[in-house]
Amino acid sequence: MCNLLEFAHNKDGECAMYYINCFFLYSILGFLFEHLMYFLLGHKGDSGILYGSWTPVYGIGIIIIILVSNFIFKNLHSTKLLQTLVIFVTVVVLLTAIELLGGVLIEKIFKTTFWDYSNLKFHIGKYIALEVSFAWGLISLLVVYFVKPFFDKFLLKIPSWITILCIVLFIADISFTLFFKTKLKGYFFKVFK
């Protein structure tokens, strides 16, 4: 498995493809996970702002989890328990920050709120709740020790044309989302009237 330095220096792009494939795989799995939770809880909801069946925050989160855990396993020469605790705390802080940033950006850009933790006991504003942060930490450990090893067997075997197709579709999705769900559409029609 490649580390961050190999990612930057790998000439054949194997590491880049690994992280790109991770991003797409876990973005899609995150989308499916959220829809399953909505179904099981009997709630109506949507997973993310994009049109496609992916939620990029999960892909970003998994890449952060992988980079953090690889760094800690390589550099913290201690017990497995201490390594696990450091991964848990670090990931909780980073993923909570990403969740806050994502919530604020979505609200500012798209004028909508996709989640609101105000009803939870230990919330800090509407985008952060300690209960949810703790859950992200536990899920991260499951990913590091069980989910990632399972999917790593397949990620580098994904044909590059599928990865490139995903990139093209993702860029198109972002473009359509920004055009149709923000004021860009209105500005465009004013300019080209």
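Guide: What follows is a set of questions on a predicted model.

Visitor: Why is Phe88 called buried?

Guide: Phe88 is in helix H4. Its relative accessible area is 17%. Buried means under 20%, so Phe88 counts as buried.

Visitor: How far is Phe88 from Leu141, in sequence and in space?

Guide: They are 53 residues apart in sequence. In space, C-alpha to C-alpha, the distance is 6.9 Å.

Visitor: What makes Glu107 and Lys126 a salt bridge?

Guide: The closest N and O atoms of Glu107 and Lys126 are 3.4 Å apart. The cut-off is 4 Å between a Lys or Arg side-chain nitrogen and a carboxyl oxygen of Asp or Glu. The pair therefore qualifies. It links distant parts of the chain: Glu107 is in helix H4, and Lys126 is in the loop between strand S1 and strand S2, 19 residues apart.

Visitor: Are those two partners buried, exposed or partly exposed?

Guide: Glu107 has a relative accessible area of 28%, and Lys126 has 27%.

Visitor: How many salt bridges does the structure hold?

Guide: It holds 2. Lys148 and Asp152 also form one, at 2.6 Å from N to O. That value is within the 4 Å cut-off.

Visitor: Why are Lys148 and Asp152 about one helical turn apart?

Guide: Because they are 4 residues apart in helix H5.

Visitor: How do you know whether Lys148 and Asp152 are buried or exposed?

Guide: Lys148 has 11% relative accessible area, and Asp152 has 16%. Buried means under 20%, so Lys148 is buried and Asp152 is buried.

Visitor: Which residues form the nonpolar patch on the surface?

Guide: Phe33, Leu36, Met37, Phe39, Leu40, Leu41 and Ile139. Together they have about 700 Å² of accessible area. H2 gives the largest share, 6 residues.

Visitor: What lines the largest pocket?

Guide: The lining has 46 residues, with Glu34, Thr55, Val57, Tyr58 and Trp136 nearest the centre. H4 gives the most, 9 residues. By type, the lining divides into 33 nonpolar, 9 polar and 4 charged residues. The space in this pocket is about 1,600 Å³.

Methods
Residues are numbered from 1 along each chain as its sequence is written. This is a predicted model: local features need pLDDT of at least 70, side-chain atom pairs count only at pLDDT 80 or more; totals for chains, interfaces and linings use all residues. Side-chain values use heavy atoms; hydrogens and water are left out. On a 1 Å grid over the protein atoms alone, a cavity is a set of points where a 1.4 Å probe fits but cannot get out, and a pocket is an open set with protein on both sides within 12 Å along at least five of seven lines; lining residues have an atom within 4 Å of a point. Grid points are joined across faces, edges and corners, and a volume is the space filled by probe spheres set on the points. Helices (H or I, at least four residues) and strands (E, at least two) are DSSP runs, numbered from the N terminus. Ala, Val, Leu, Ile, Met, Phe, Trp, Tyr, Cys and Pro count as nonpolar, Asp, Glu, Lys and Arg as charged, and the others, Gly among them, as polar. Patches are made of residues with over 30% relative accessible area and no salt bridge: like charges are joined within 9 Å, nonpolar side chains (Val, Leu, Ile, Met, Phe, Trp, Tyr) within 5 Å. Accessible areas come from the Shrake-Rupley method with a 1.4 Å probe; for residues, only the protein chains shown count as cover. Buried means under 20% relative accessible area, exposed over 50%, partly exposed in between (1.4 Å probe, protein chains only).
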